[in-house]
Every structure is written in C-alpha cells, then in structure tokens.
Amino acid sequence: MPDSVPDRRSGLFPSAARLRRSHVLAVLVLIGALLLVALYARNAGERERRLAETSFVAEADQLADTIRQRMLQYELSLRGGVALHSAAADTPTARQWRGYVEGLDIAAQLPGLQGLGYVAYLDPDSLKNLQLQRRAAGEGLFVLTPRGVRSHYGAIVYFEPEDASTREVIGYDQYSDPVRRAAMDAARDSGEVQLSAPLTLHRGSPGVLMFAAVYRTARLPGSQPDRQGALVGWVFAPFRSAEFLGRSRIPLSERLAFRIVDVTDASARPVLASEGYDEEAGPPLHSVTQSLYGRIWRYDFQPVGALTSPGMDELRITVAAGVLAALLMFAVVMTLARTQSRAEMLALRLSDSYRRSEQRFRNAMQYSAIGMVLLDRRGTIVETNPAMAEIAGVDEAALVGSLFERYFVDGPERISRTGQMQAFREGVHRSVRRLRREDGDIREVHLASTVVPGDPRSDVVRLVQVDDVTERLRAEAQVHALNRTLESRVEARTRELTRANHELESFAYIVSHDLRAPLRSIDGFGRILSERYSGVLDAQGHDYLARVRNAAGRMDALIDALLAMSRITRGEFKRSPLDLSRMAGEVVADLRQTDPARQVDVLIAPDLHAKGDAALVRNLLQNLLGNAWKFTASTPGARIEFIRADAGHFEIRDNGAGFNAEYAGKLFRPFQRLHREDEYTGHGVGLASVKRIVERHGGSISAEGRPGQGATIRFTLAPAQYEDEDEER
C-alpha cells in the first residue's frame, strides 16, 4: 500500500487537478461570454436608441427645410408681382393682376397660399385721386376701412383669386395695424421680403402675412431714405395657420408632431401646430431655429409614441443568439479542456520552421501599410498592426481584446448564402463598410476577410485586411453629385426657356388678332364719320375725329413694332461669316435715298467682320444707324461713325441729341422713350429689338451719352469662345 501512493499522486491526482481547473476555466468563459453579450446588448441598445433619435432629428430637420423651401416659392411669386408693377408704365389694372395670379396657378403650383394682393402706399391726396379714378373707370366707390384721417395709408387695391370673402378686404388700410405696419416698414427699408408677426387675419382667423415692397424704379434704391421716397406699395400674401399644413401638401410623418413659435421679440408667440402636438408633454425632443424673412421661428418637435428603430427586433434576436453561443462556448470549452494535455504536447512539437514562418507573418503585419486584424470566433480582435491602429485612431493595446464590430456604424455585417458560397470558392469575402474612429470621424473602409486554416482550437479564425478608401469614395461621390447638379440645372433652364417661348407666342397671337379688330373698327367708323357727316361737324369736331384716327394709326404701328420684336427670338438661327462694313454701307445708302435732303458725314470702318445671323444683324444695323440718323436731324455738321472699338466690340457713334446718362437703363426696354414724340418720332421698340438680337447671339450691349453731345452704342455679337470654335471649324 505505501508503494502505491506515489503512483496515484503522480497519475490520477494530476488529472483530477487539471479537470478541476478546466471546470473553473469553463465557468469563467461562460461568465465572460455572458458579460460580453450583456455589454453588447447595452451598447447596441444605446446605439439603436441614438439611431432612432438621429432618424427623428433628420426627419424634423427635413420638414423644417421643406417649409423653408415652400416659403421660398411664395417669395418668388411675390417678387413676380413686384416685377409686374416695376415693368408696367403705370399701376397694373385689376385685369392684369388677375391674369398674373391666374398664371401662377396657385392651387397646383403654390398650395397653402391663400392668394396674392397689392397694397397701395397713399397719402390723403393720392387716396382721393385713386377714389376718383376708380369711380371714373366704373368700378364703384373705393371705401377705406377703418375710416379716419391719417398721414399715410396702406390700402388693399387688388386681391386674387377673388371670392365673396376676399372682396370684403378691398380697401382695408393695413398700415393702420401696428403689426402689419412693422412688417411693411421693414420690407420698405430693407428692400427684401418680410414676414409679419403672428396676427389675426380677416374674419378672425390667426395667421401671418408676407410683404414685398414695390418702388417706382425697377432697380432697388441704394439707401433707406431713397427707398422710403420711391415706395409705391407692397405685394402681399396671407397664410392662415389652421389651413397652412393641410393646403400646402407638405408631407408629415406619422411619428412626429411639431409646432412653430415666433421668438423674434423674446416672446414665444405660436404660429401653427400640427395635429397631435401636446404642449403639456414636456420639453420637445428637438428644436430648430430659423431666421425667415425678418422673423425668427422656432420649430419644436416631439415624437408620437415611443422612439423605435428597425434594429431593435434584430438586437433581441442577436442577444438571444449571444446567450446561446455563450452556452455552446461553455460546452466547447469543457470539451477542449479534456484535450488540454494533448494540446500542450502538440505545442512543444512546433518546429523551428513554424516559428520562423510565424515571425515572417508578424513582420508582414507590423510593416504593412494596410490595416490587419486577427479575430477569434466571437469577432474579438486577437492581434492587430500599427496601420489598423492609425485607421481606427486608437492605440494597438486598446484594439486588442475589443469586438471588431463595435468600430462600425452600419450594424453587424450580413452575408447572403450566395455570398457565402462565392467566398468559400474564392477564399476571400470582400465588402465596404463605415468605420467610426475614436475621434468621431466616419471612414469608408474596404474589408477583405479570409478564413485562417489551422488547429480548430486556435483562438484565431479569421484574418481581416482593412483598407481606408474614404478619400477615393468621397471624390467619386463629388463627381457624381456635380454631374447630377449640372443635369438638373440644364433641365430647369430648358423648361424655363420653353415656358417663356410659349408665353411669347400666346402674347403675339393676342396682339395680332385681338387688338387689331377694335383698331380697325375705330378707324373704319372714324373714316365713315368723316366722309358722311363732315358737314355736320364743326372745326373742333373734325379736329377731335382726326385725333382719334391718328391715335388708332399710332396704335396699329405700335402693334406692328411689337410683333416684329417678338419674332426676333422665334425664327431659325443660322450663324455665318458677315461683312458688317458692307451691310452698314447698304443701310446708310437706304437712309440717304429716303431722306436725300440730309447732309450727314458717315464714316464706316473697313474690314468689320463678325459671325451671326444675316437677317438679325441687318435688322440690328438698321435700328442703330437709323437711330443715329434720326437723332442728328437737328445737329449742324451731323456725323455718324461705325468702328471696331477692340477685339469683338463694335461702336456706333453720333453727335446728335444724346441722352441723360441716368436713364441709360431705360433705352433697351420696350416703349421707353427719352425724348418727346413731337421732337423725334418712333415707337420705342427699336433698341429693345437690338438688345434681343445681341442676346440671341450671346453678346452684350451698352450705351453712353450726354444731352446735346451725342451717343455711343457699344455691342458684341458673340463671346470669344464662339469665335474660336467657328475658326477651328
């Protein structure tokens, strides 16, 4: 018996001790795995919660931007109304205003907009004149409300679309209300579109108003006093709070509710709120503050119900799978523990060649420019290299032992069965994922994952190579985004040009058909009245009749000029080499033939060549040289010059009547005249036609002059790039 004790201690007892140590190791592995699963569940749950909040914030920000974009559309409609007033010689008529608003198609193109109106800025005298004009035009009595004598008024003159409720607001003095007046004064002084503070609209409904100032001149006056002096009124649009969201067709998510509060004056005044917003539910989850047309709006967003994300269900499944994996790992560790002795014996048998091979592999990892990590079955980083630490922005020591998946923001990687089969055949699975650095920067990385063959008990099962491709992908994305932006701009410009051409054709049709018939009737009945009743009329009657027929004739001539100007941009355009010197000589010869008594010294420089449409360029020279011929009629020693100023620029000079340089901007606008009709005849469309011809050629035109010292018209027919392309061809 004593001899057998040492054998039992040396044989049985060491095996039992190793088995007890294996039990402890298995329990520790189980506890560690469960802790890792719990840690992952906590981190993933927090990530999903943040993801849900981020998605909510993104939807909220997008909604705020959508409202801003819709307000921008309303601003453009107001500016169109301002342009209508600026382009008109006098205040547009109610019919013109109605036509403009109907052209906007508010119901389809500007949902949410109640309508568009015009407010005239009046003093007592101009108010009286307006009332007399409307009465003379048969529009009835213009009644101002509220009544009372004030230094200035802001009376609503037009509002479209018109119905029973909108007719009641005509004549309302918006300037009498302090809230409206503050917004109107701000629009007047800044020259920009302004919103009013929340107020009560017509019939007691809450809402806001948008104002845009209208000045006497098309150009915005430079200083605030000049703007106040040039003010003629405002174009305005109302928005009812209760109807805005429903009518504006802004898509609202079912998962959020919001309200808009005006906080401009350090006091929160509600503008509107969506259905389901609960003011007693506590502070909002997210708020956005926007500076919008002179007001500061705060958007308060709160979720409807609990915030959830699509990954929550997957997280629960993953946690359950993690617990199951921990239990399986416990069983595996117990199994592996029984073979620990064999593993130790196999480890001792490693040859020197294996150690050298391992050293070469470690050197390759250490000095590789691509990040490399070795992972175990749980996806924990067993070993890494400096390149991977630089990509992740952490130390190598911090990487080792952490889950590889925790550095990615796009969730656990999923591989389809087809992808698994392909990776099995090729030996490598490739993917592109998003990695979050320790400093918060998001990087795009290319992963190449390879199964590491070897002992099944090894803690390394996978080698992943990580290549940072962020800069390359960003450059490609910028190129694609730029291409999409350019394509959308070209499409938008094409649509605008097509719409403008259709409107011009419609306008030309109305002019040529609808306006000529009344003129023919006026002239015909005037001629009959002159022929049949000349004996009945006295001298003054004959004078009145002659004036009527002359006015009809001038109107017919204006229609012809307007139609000619509209046809300029509609004909086929053919660019070809032109001899401008020869063309100008032919035009001057025609002028001398029509007015042989004139003695004008005309200088045409030789070798003036350009490329353009022959018919349009001849029309251009006829207008410019004809103007110079006409405005030198009263000048002794009249002189006209046609020369080349520099490369691509031509000049036509004269020493005639000239013009005031302050009004140079009106020269190229239709029906704008700088001289009285009894001084120089004309319809005021010649230079407007010239400008269209020049613009169709891609060129530019400008004018200089002084009263009594002549004028200089400088123009080009094409940018230099067109000239170079033509020469290459």
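This is a predicted model: local features need pLDDT of at least 70, side-chain atom pairs count only at pLDDT 80 or more; totals for chains, interfaces and linings use all residues.
Entry 1. I began with the total and found 38 salt bridges in the structure.

Entry 2. I checked Arg50 and found its side chain in a salt bridge with that of Glu46, at 3.8 Å from N to O. Both residues sit in helix α1 (residues 4-87), four residues apart, so about one helical turn separates Arg50 from Glu46. Arg50 is partly exposed, with a relative accessible area of 43%. Glu46 is also partly exposed, with a value of 32%.

Entry 3. I turned to Arg378, whose side chain meets that of Asp376 in a salt bridge of 3.7 Å, N to O. Arg378 has a relative accessible area of 41% and is partly exposed. Asp376 comes out at 12% relative accessibility, and I noted it as buried because the cut-off is under 20%.

Entry 4. I looked up Glu586 and found a salt bridge between its side chain and that of Arg618, with an N to O distance of 2.8 Å. Glu586 belongs to helix α17 (residues 580-594) and Arg618 to helix α18 (residues 614-631), so this pair ties together parts of the sequence that are 32 residues apart. I recorded Glu586 as partly exposed, at 30% relative accessible area. Arg618 is partly exposed too, at 26%.

Definitions and conventions. Residues are numbered from 1 along each chain as its sequence is written. Side-chain values use heavy atoms; hydrogens and water are left out. A salt bridge is a side-chain nitrogen of Lys or Arg within 4 Å of a carboxyl oxygen of Asp or Glu. Helices (H or I, at least four residues) and strands (E, at least two) are DSSP runs, numbered from the N terminus. Buried means under 20% relative accessible area, exposed over 50%, partly exposed in between (1.4 Å probe, protein chains only).
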